[in-house]
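Dear colleague,

I am passing on the structure that you will find just below. Please keep it open beside this message while you read.

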Amino acid sequence: MEDLKLELKEKIIDALNLVDMTPADIEDDAPIFMEGLGLDSIDALELMLLMEKNYGIRLSNPAEGKQVFKSINAMVEYINANRTK
Amino acid sequence: MSEERQWSGKTDGTLWMHKALIGCFKFLPMALLYFFMALVVPFYMLFNHQGYLSIYHYLHQRQGWGPLKAFGGCYVNHFLFGASLMDRFASYAGRKFRVKKTGLEVFDNLAGQEQGFIMLSSHIGNSEMSGYMLSTPLKRMNAITFPGEKATVRSNLDRMLEVNNIRLISADGLDWLFTLNAALSDGEIVSIHADRLFGSSKALKVKILGAEAQIPMGPFNLAATRCLPVTAGFCMKTGFKSYEALQYRLDTPEMETMSKTEKMDYLAARYAATVNAILEKWPLQWYNFFEFWK
């Protein structure tokens, strides 16, 4: 679980080019969008692609997607339950 | 560019006004409706200083027109914009327009391939008309629209575009991003405006008509990240009942060796060059009614 959290944070930093951040700067339960990491619509699409490419998870249901992107913890939980890669 | 300085991107008027307008187009001659609009345009300009001034600045500073010519150009610009909107309602009422097609084989070729692609649209000419002219039986096209479009416009658009296998996606909140993501993963086409910031404030700097302007990063980021083909599509009014639909391929084989950032900049520069060429030929069909260049 912790390994996946670290891996995911590193992939997010890389995909979104968050050059000034380290995995330790991303809180596990903080919201990913707006007040948390401050990500926007472009970043959301990047994260969807990240989920698809790395874990074989295709997010197309908005209600489900919003739950997944609630926090790092929510993402990790969803990846563990649904990954195909 | 502040929110309040931007045109909302929605069609003005109430529900009953739209229905009445569609009814008018069924029975009244177009020439009469155009004539009526020609009388209304000066009043519209008078009460909409912001849009009028931005077009004056565009014609005077960017197109290099003299003050008098630029002022006259503002009137023609507003008239043509109104005519484009009227043509839209005329289409809802079942009227047909002559269309010259230029480069549409680019679109057809890409539509025949397994991979999806992105078609960049602009607030130049009558982009909505493109939808009626591009038939995509093999691949669904998803057109991203501004949220809050009036119900009449929305339902008529849905009805007309559905025939051509085009789906409208309203860019409201975060929900539309999931629909967009699924569409691209399914190899569908996405049509998105590339000349106005929405959903994200991230922008790319390009030169259009000799001056620096900001265009949204989103469409270019999407194309670069997913390595998707990109076209720019325009539909220009060329006469009373005629249009020219144009398609340009923006991605090239040289992009294969580029980094993501280089790809975005390259595509944005190619898009800007295409916009330049269109505006040189049709300077009066620029419909970004805000100060596009800062």
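This is a predicted model: local features need pLDDT of at least 70, side-chain atom pairs count only at pLDDT 80 or more; totals for chains, interfaces and linings use all residues.

Residues are numbered from 1 along each chain as its sequence is written, chains are lettered from A and ligands numbered from 1 in the order in which they are written, and side-chain values use heavy atoms, with hydrogens and water left out.

In chain B, helix α9 (residues 218–226) has eight of its nine residues buried, where buried means under 20% relative accessible area, exposed over 50% and partly exposed in between, with a 1.4 Å probe and protein chains only. Helices are DSSP runs of H or I with at least four residues, strands are runs of E with at least two, and both are numbered from the N terminus.

One of the buried residues of α9(B) is B:Phe220, which, together with A:Met51 and A:Phe69, has the most contacts inside the largest nonpolar core, a set of 124 residues. Such a core joins buried Ala, Val, Leu, Ile, Met, Phe, Trp, Tyr and Cys residues through side-chain atoms within 4.5 Å.

There are 13 salt bridges over all chains, each being a side-chain nitrogen of Lys or Arg within 4 Å of a carboxyl oxygen of Asp or Glu. In one of them, B:Lys260 pairs with A:Glu46 at 2.5 Å between the closest N and O atoms; B:Lys260 lies in helix α10 of chain B and A:Glu46 in helix α2 of chain A, so the pair joins two chains.

Best wishes
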